[in-house]
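Please have the structure in view while reading.

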Amino acid sequence: MPMSVIKGRYRILRTEPDGDSIRFVPDDPAAFTKLRLAARVNRSGGAQLRLDAIDALETHYTPNGHGGRVHQPLGLGHAAGARLLALLGFEDVRREGETVVHAVPEETPGHILTRFADKYGRPVALAFAGTTDREDLSPVFADVPVLQRSVNHRLVADGLAYPTYYSKLFPDLREEFTAAASKARAAAAGVWADDATTDGATIDSAADLSERLVLLPKLFRRLADYLALGAGDPSLDGFHDFLAARDDRLFVISDGHATGLDTIVEVTGRTVRMTRACEDLIFLEG
């Protein structure tokens with residue numbers, strides 16, 4: 001898959017990195033502009049990355065973009081965040097809440113491969129620790145051996161992130177992510193030990209989402225958005241209609257069928273389940 005390499009540093013002090021997102025500061029402050037990426041940057045040229053093709057449990061999600069934060073089971077969410085930072089070379093990381101207040105070192109060298117930014121201005125990237133001999137901002141063909149060296153792949157292989165595919169990911173990389181996830185699932189590693197996404201999750205209160213149920217984060221976010229509208233009412237009676245109105249579009253790989261998220265989510269009383277495994281889906285960029 002053709003991408004561009006950007007050299008720089010991961011910088012985490014006074015930020016809230018989780019298992020699939022981290023702040024990256026290019027060596028060239030104009031890197032994103034030169035590559036025509038619509039990245040949202042701060043004064044130092046840094047941007048929050050979205051790690052491509054993976055989704056770790058939410059540690060601080062704001063339903064519908066406003067109001068109070070919610071989270072998924074924090075043991076697994078924090079494990080993914082800690083593993084990401086360790087893979088990128090950080091030690092002795094301390095937080096106040098979700099904010100990093102201490103780390104050794106304060107920043108680490110790294111590089112990313114990217115070719116676009118999402119609608120929130122986050123470069124969608126494969127992330128790597130350390131330097132590279134490749135010229136900064138040069139084109140790179142990201143094949144399977146390259147992917148296997150990324151922290152994205154490591155997190156899926158460890159079972160600490162779900163594979164979550166969008167339409168711009170090339171098939172060979174998607175298939176490698178699926179192979180890594182299948183091994184983690186077979187070993188009941190990380191999220192796969194308690195995943196209830198396709199088995200069915202019974203929700204008696206909003207606390208079940210935060211404290212007990214391990215679900216694909218995409219489904220969790222839609223549930224959290226829906227329950228926030230009900231001011232604490234855990235009823236799922238309107239959830240299917242909510243999803244239909246939201247109209248998240250996707251492609252079911254095994255069927256070769258384009259459809260909406262609502263068509264693969266089944267609601268029975270207080271129990272919700274996806275009828276397709278996450279690695280059988282390709283979501284369309286919204």
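The questions below concern one residue, the contacts around it and the chain as a whole.

This is a predicted model, in which local features need pLDDT of at least 70, side-chain atom pairs count only at pLDDT 80 or more, and totals for chains, interfaces and linings use all residues. Residues are numbered from 1 along each chain as its sequence is written, and side-chain values use heavy atoms, with hydrogens and water left out.

Q: Why is E58 called buried?
A: Buried means under 20% relative accessible area, exposed over 50% and partly exposed in between, with a 1.4 Å probe and protein chains only. E58 has a relative accessible area of 12%, so E58 counts as buried.

Q: What makes the pair E58 and R221 a polar contact?
A: A polar contact is a pair of N or O atoms within 3.5 Å; within protein, one must be able to donate a hydrogen and the other to accept it, and residues adjacent in sequence count only if both atoms are side-chain atoms. The side chains of E58 and R221 make such a contact at 2.7 Å.

Q: Which residues is E58 in contact with, leaving aside its neighbours within four places in sequence?
A: Contact means heavy atoms within 4.5 Å. On that basis, E58 touches H71, Q72, F220 and R221.

Q: Why does the radius of gyration of the protein chain agree with that of a compact globule?
A: The radius is taken over C-alpha atoms, and the globule rule is 2.2 Å times the number of residues to the power 0.38. For 286 residues the rule gives a value near 19 Å, and the protein chain has 19 Å, so the two agree.

Q: What share of the residues of the protein chain counts as buried?
A: Of the 286 residues, 52% count as buried.
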